Amino acid sequence: MALASPVLTNAAVVQFYISPDGDDANPGSIDLPFATLHRAQAAVRSRLAGEIDDDVWVYLRDGVYRIESPVEFGIVDSPPPGRIVHYAAYPGERPVISGGRAIDGWTEQADGTWTTIVPGVVAGEWAFRELFVNGRRRQRARHPNSGFLNAAGPNPAPGADARHTFAFYPGDLPADTDLAGAELNMLHEWTTSRVRISSIDPLAHTLTTSEPIGATGIINSIFQTTDHPRYAVENHPALLDAPGEWYLDRATGVLTYRPMPGEFVESVEAIAPIATALVVVRGDFSDGTPVRNLSFENLAFEHCAWALPTGGYSTYQSGYYEPRVSGVEYELPAAIKFEVAENCRLFRSRVSHCGGWGVMLGAWCRDCSLIGSIVTDIAGNGVIVGEDQYRRVNGIFWVNGHWEQVAVGNQVVSNLVQDCGVELQDCAGIWAGLTDTSTIASNIVRRLPHIGISTGGFWNDNVSPCREILILDNRVEDVVTLLSDGGAVYSVGLQPDSRISGNLISGIPLPPGLSRNVGIYLDQGSTGFSIQDNGIFDIASSAFKFHWAGENQLIGNTIRMQSSTVDVYYFQSTALEDIVRIGDVVILPGESPAGCAYPVCGEAASAGLLAEHVASIYFDRDGDGVADLDDWCVERRTGDVNGDGSVNGLDIESFVQVLLGETTSSHAYCAADANSDRVVSVNDVAAFVSSVLSLP
């Protein structure tokens, strides 16, 4: 899709305007804007019903647009060939489309917690799993408060069901409650489970769940890879003991929150999601007629809900879970979803604070794209391209007779994808399943509990719709930090004429389980790849792993070894002759070649964001050069305590007020935290003075 610039004065261009302060009875002009996306969409449809000779622009003015159900676009929203309908931020502004409700009416309790009654909860009209306070995700009441516990050992008694019951160590769990109704989050080798707790036996020190732990056929026993699997318990009032934790009592509607330092009941902004999707672009599945030529630009999308599936959440891999009740979907909701769509895009936008998945370019997508955007703080997979094999068409799996529905020619280019899998830890940053000629290029993918970039859909070398996948020039770092049997780039299945090239990969720790975590991992059936000119360093296990892989070739990769005990290539049930290696360079510890620039002699030097998107992606508030969740001052940069947009001597008085506890502004508190330890104290004085005086 050719990029277009806003034209605000040309009368030939169709333009509509929306503002949170507008009115849907208005004509949608810049002076009298609409109030909602739905009203603007109706106005666009009316114009498209006639003839237009240029693009259509819908400008969203600054502010928050709250929705409780997705804005859906269909065939009637498509412009004529050669034209594009743009839904875009007004130049210089960043509107937010939020699927959340604000929660207010807080009362401070004697124990320091805050409580409020949430409307609709008792009636069963609303329940939520996520809460965001002052722009940050907060943890449901959890034990332990960080990290995980270890199960004490295999079956607690002869004949006990190893998918429902396990022993815990004395003292690991609260002794004064059976935790009935709480949620167990258990980690397996490469998958996870979330199921309800039925009871705790304090004498036998055993925990029993209401639903089976682990997906059938994948986890026959939770002890099959370790006698001490990791677990945590969530969502019970007895666990509400740390700042930032919360608990929603569905019987009474009471929400209890234990505030963080710098959060004040007078100024807190608390948001819980209610919409299960924000934007859905979907054509006609019956005949394949797509939605065409829609562009969403410079927008922010936040707060999207997901519910624990009936029967619990236990996955096969990467967020695809076992359906345990007939008719229940096996796929999590995506905040932004394109299906049966052609030449549609999400451009220079931000998708954050979402349950389920972030952005999906799904079934029957043709030439759709995600470009120059940020996807961050997502419960599951950040980005999905294509789909897996289990969607049904007229009662049969689509891959058994409906390959025309495969996603073709889609692009995920120059995005920052980070902090995904925050609730569903087996998920990936970017997951490309059964898809044809899709490109994943020039992204930064980082800070993930499991796989960075995953591709493929069949677990064997059978012919599938998956081919010509290009994974090019990505920077993948600090991934597979929690689970095992993963990699920065991971594949399964036959994928002819696919290429993994020019990627810079680093920060892969040792696995906690039996299976290795590696840089590039060709798993079961992976065949048809050319892997060339990649740079790999800071890998604790091995740079490459081949497990039941077929014929592939490696050309000119550069690997800097962390230690002499790290393998470059690890072969598991793979014939050595099937992996052709030509010209790889291995740098041993202490043996850097002359003229070699750290870390990998300049290999993959172009990996990462394209220059034209850096400015829109790096919305950097804390000045560390990276837009991320550490930029926790949502409204003000560090030092701008009085909120006037500058850091100077005028901030001193406001800083002193924060230091003395004379203000209840969370934004001021945040900006006064000059040393970024999340607590304002005398330790911030030196850093604050330095920022005011612009000292280095």
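Two strands count as paired if DSSP finds at least two bridges between them, and the strands and helices named here are DSSP runs numbered from the N terminus (strands: E, at least two residues; helices: H or I, at least four). The model is predicted, so local features need pLDDT of at least 70 and side-chain atom pairs count only at pLDDT 80 or more, while totals for chains, interfaces and linings use all residues. Residues are numbered from 1 along each chain as its sequence is written, and side-chain values use heavy atoms, with hydrogens and water left out.

**View 1. An open sheet of eight strands with mixed pairing.** The strand order is S7-S21-S10-S11-S19-S20-S9-S8. S7 (100-103) and S8 (107-108) are the edge strands, each with a single partner, so one side of each has no neighbour in the sheet. Look for S21 (residues 270-273), which runs antiparallel to S7 and is joined to it by four bridges. Here Arg 101 sits opposite Ala 272.

**View 2. The buried residues of helix H3 (residues 652-659).** These are Ser 654, Phe 655 and Val 658 (buried: under 20% relative accessible area, 1.4 Å probe, protein chains only). They line one face of H3, because they fall within an arc of 105° seen down its axis (taken from the directions from the axis to the C-beta atoms). They pack against H4 (666-672) and H5 (685-693). After H3 comes Gly 661, with a positive phi near 75°.

**View 3. Ser 464 in the loop between strands S45 (453-455) and S46 (470-472).** Ser 464 is buried, at 9% relative accessible area. Beyond its neighbours within four places in sequence, Ser 464 is in contact (heavy atoms within 4.5 Å) with Trp 403, Leu 434, Phe 458 and Leu 494.

Definitions and conventions:
Buried < 20%, exposed > 50% of the residue type's maximum accessible area, 1.4 Å probe, protein only.
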